[in-house]
Amino acid sequence: MSKRHTLFLRDVLVYTFLAFGGPQAHLAYLLREFVEKRRYVSEEELMELNALSQILPGPSSTQTLVGIAWKTGGLRLALLAFFIWVIPSAAIMCIAAIGYKMFVEKGMFTHAFRFIQPVTVGIVACAAYTFGRKFLKSELSILLSVSAMAATLILRSAYAFPILIMLGGIISSAFEAKPEEDALRVKLFANINQRKVIYFIGILLFFAVLGAVVNQTSPYSLPIRLFENFYRNGILIFGGGQVLVPLMFTEFVEMKHYLSNPEFLSGYALQQILPGPTFAFTSFIGGLTLGNRGYGVSGQIAGSFISMLGINLPGLILILFIVPFWDDLKKISRIRNSLSGINAVAVGFMVAAFLFLAKPFSTNVLGIGLMAGTFLLLQFTPIKTPFVILVALLLSVVF
């Protein structure tokens, strides 16, 4: 490994522990440190990678960083950068999942997080409102969003997510198609390695079938199904961590009851004050899911690893697979246009998740006040999410 590559990995490690504030803050850091200071890529390349990550499912910050690493040193450097980026925060969330039950039994977690839980609901509400203002700009997008929200609330099925996302993309793309692009699409897709596409889809189908075939009483059944659940969600999540949380809550709390509402909100609150990728939250979900079902500490560690790998693998494969074709891909407006429908559907999911999350606090005046206060602070002041979480934690300890 060259000196430049070693320096790059060192910079990634530093970035991992300083990356607070979500994708927008992450992008600003990358621009300052990786473009202006180190010149790993040009500003134009960084912005194109960021744009590409926005139209792909998966973690946008992770995909942008992996794309930079690929351009700097190829596949090996990209994989090393990926693991350096995701492991620290995922390990902390794994430890939190292992220790959660012990703290709950002593009453420490419940008391310390009693104000944080409604605050996290306010954070979700703010994210839904922000996404809505950004993406619901036409009658069609509003219709798609409301339809997705209603379908989620009524059906309460994890299988509704892929269908609704696909329909949203198809409908929005169909309204602004450009016939002259047909030849370009034929040329582009003729050059795509179909074997890689088969691998990508085949992983999902293999684990879905394996999870269905393995006896439900087998100790291997739940880990296999858990990997399939997270891999599938990794394919479906457009918009990064803000969309991840509503999807996770709806599927793993409301539909499958892997976690309770307080468990989910406590883990989400902890993730909000940590640097690194939002997708590290899945490590907590996977670890606690297996812990709740008696798999022990080793099972919880495995659950955290399975979840972290499953949720990130689709986005990792896609960014490494599509970067070589990006110059042609970005010219096709049908692909860009599909994103508006997908984002509209995602807003519907977020609103539905907010309604699910807020339900336990519907008769709690203090909880409603904390939710509303958090929303107003984040929406109309420069105060950031980690600060709000820390203040809520401090109030929980003092009072």
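Predicted model: local features only at pLDDT ≥ 70, side-chain atom pairs only at ≥ 80, totals over all residues.
Residues are numbered from 1 along each chain as its sequence is written, and side-chain values use heavy atoms, with hydrogens and water left out.

**The big picture**
- Side chains of opposite charge can pair when their charged atoms come close.
- Searching the whole structure turns up eight salt bridges, each one a side-chain nitrogen of Lys or Arg within 4 Å of a carboxyl oxygen of Asp or Glu.

**Around Glu-33**
- Glu-33 is buried, at 19% relative accessibility.
- Arg-32 pairs up with Glu-33, with 3.3 Å between the closest N and O atoms.
- Lys-37 also bridges to Glu-33, at 3.7 Å, and Lys-37 itself is exposed at 51%.
- Lys-37 and Glu-33 sit four residues apart in helix H2 (residues 22-37), about one turn; helices here are DSSP runs of H or I, at least four residues long, numbered from the N terminus.

**Around Arg-232**
- Arg-232 and Glu-228 form a salt bridge at 3.0 Å, N to O.
- Both belong to helix H11 (residues 221-236), and being four residues apart puts about one helical turn between them.
- Arg-232 is buried at 7% relative accessibility, and Glu-228 is buried at 11%.
- Glu-228 and Arg-232 join Glu-251 and Lys-256 in a network of salt bridges.

Notes: Buried < 20%, exposed > 50% of the residue type's maximum accessible area, 1.4 Å probe, protein only. Helix = DSSP H or I, 4+ residues; strand = E, 2+ residues; numbered from the N terminus.
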